Amino acid sequence: MKIVFLYYYYKEKIKSKNRVEFPPLGMLYVCATLEAIGQDVEVFYFDENTPSIEFPKADIYAYSISSSVSYPLYISLAPQLRDNATLHIAGNTHATIFPKQVMDEMNLDAVFCGAGEETITRWIKGGCRERGIIVGGLLENLDIPFPARHLIPDKYIYMENRVGGKSKKSISMISSRGCVFNCKFCAIQNRGKVAFRSLNDIDREVNFILRQYPQCDGITLLDETFTLNAMHAVGVSEIFNKYKLRWECNSRIDTLNKTIINALSESYCAEIRIGIETGSQKLLNSMKKGFLIEQTYETFKALKRAGVQVKIYLMHGYPGEDMSTTSETIRFLHKMRKYIDRISLYRFTPLPGSPIYEETFLNKQEWSEYSIYNDNVRWWGTKKEQEVLNTSYQMLK
């Protein structure tokens, strides 16, 4: 059967115009799994300016709804594309969070929630007869076909300004899926458990990437918390060291230790990215981040001694933010600035699927507002509190 995955290439609110967004690896994993069982798979990138006449014909349309901000376009397109395919299905993040709404509003045959590799394969092999919401859990064995990167143009695979902000043509991959932490602002759906790829499978993919994409000058690991398992982190570090390949990863303060830091230092790790979010312990506790701000001090110093570049993520405007909490963050930055190489500052957005999104005091907005790059939405509190947030944000910025 001909299966076309429809993917909205969202770029309107990306800050840097010359940065390509991360390729949709989850979707490309599903595509690769379907190719492995003999299906004819295509990926069609589109945006708000793509006319419906350009969409290809297929037996199955698979709408990959990766973000809530893109959902309105999928709704408007679905009726226009009804005759382009016999069956219409959907998956990815927004469909997993709001399956019934997506099913009803887009008039779909099936919506796949969670990891789709097993569920959609079973659905295809069963003759595509099952209808409704089809739920899959965390895929425990991640030694599966590599993402079908060949289905999208190289310009969407190679990324600039990653890997410590210095890469020209870096490529993304994962070594694990899932997260065991409970941060209230996070919308990850694989919460509570983590699955790890085997080191041999990771080595095979790095080797494959370097042969298939010879211009690759670095790897961005997209694991939620790469340093969760020390043995795994050290093993992956050794693989990158073997290929003399620059790379970067995500981490948490409370998962780093001397063994991991040494492995990063010895393996061309260009940057470690850590979500500090705020310098206020009160807000950290409210967010359920699960660590003390004091834990950052020695860890940052150890990373600096090891020569590992540190990038931190800060979030301003979480419920409870005021002038005093912003001042605490500013004091934290003054104290730690010499140990921090880069900072990304975002305004708080209650991401659909996150615990904080369900809090009733949040002011609900249109889907088009749900972007971390939108600076002017009042998500909570009074207009006066919003004015304080805007003033304190400018102080931090």
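Strand β4 (residues 85-91) and strand β5 (residues 110-113) pair in the parallel sense over two bridges. Pairing requires that DSSP finds at least two bridges between two strands. Strands are DSSP runs of E with at least two residues, helices are runs of H or I with at least four residues, and both are numbered from the N terminus.

The model is a predicted one, in which local features need pLDDT of at least 70 and side-chain atom pairs count only at pLDDT 80 or more, while totals for chains, interfaces and linings use all residues. Residues are numbered from 1 along each chain as its sequence is written, and side-chain values use heavy atoms, with hydrogens and water left out.

**The parallel sheet**

Strands β4 and β5 belong to an open sheet of six strands, ordered β2-β1-β3-β4-β5-β6, with parallel pairing. Its edges are β2 (40-46) and β6 (132-135), each of which pairs on one side only. On average, neighbouring strands of this sheet are turned by 25 degrees against each other, direction ignored. Such angles are taken between axes, which are lines fitted to C-alpha atoms (for helices over the stretch in contact), and run from 0 to 180 degrees between N-to-C directions.

Strand β1 (residues 2-8) is largely enclosed by the rest of the structure, because six of its seven residues are buried. Here, buried means under 20% relative accessible area, exposed means over 50%, and partly exposed lies in between (1.4 Å probe, protein chains only). Strand β1 pairs with β2 in the parallel sense over seven bridges, and β1 also pairs in the parallel sense with β3, over five bridges. Residue I3 stands opposite V41 in β2 and opposite I60 in β3.

**Helices and loops beside the sheet**

Helix α4 (residues 99-106) lies across β3 (58-64), β4, β5 and β6, and runs at about 155 degrees to β5. Residue T96 is in helix α3 (residues 93-97), and T96 counts as buried because its relative accessibility is 17%. Leaving aside residues up to four places away in sequence, T96 touches F112, C113, G114 and Q189, where contact means heavy atoms within 4.5 Å.

The loop between α2 (71-77) and β4 contains P79. With a relative accessible area of 58%, P79 is exposed. The C-alpha atoms of P79 and M106 are separated by 7.6 Å, although the two residues are 27 residues apart along the chain.

**Salt bridges**

The structure holds 17 salt bridges, each defined as a side-chain nitrogen of Lys or Arg within 4 Å of a carboxyl oxygen of Asp or Glu. Three of them are listed here.

| E205 | R149 | 2.7 Å |

The side chains of E205 and R149 meet in a salt bridge. This pair links distant parts of the chain, with E205 in helix α6 (residues 199-212) and R149 in the loop between β6 and β7 (171-173), 56 residues apart. E205 counts as buried at 0% relative accessibility, and R149 counts as buried at 2%. Both residues take part in a network of salt bridges that links R149, R197, D201, R204 and E205.

E277 is buried, with a relative accessible area of 8%, and K289 is buried, with 5%.

**A nonpolar surface patch**

M323, V388 and M395 make a nonpolar surface patch of about 220 Å². Patches are made of residues with over 30% relative accessible area and no salt bridge; like charges are joined within 9 Å, and nonpolar side chains (Val, Leu, Ile, Met, Phe, Trp, Tyr) within 5 Å. Accessible areas come from the Shrake-Rupley method with a 1.4 Å probe, and for residues only the protein chains shown count as cover. V388 is found in helix α12 (residues 383-396), and V388 counts as partly exposed at 31% relative accessibility.
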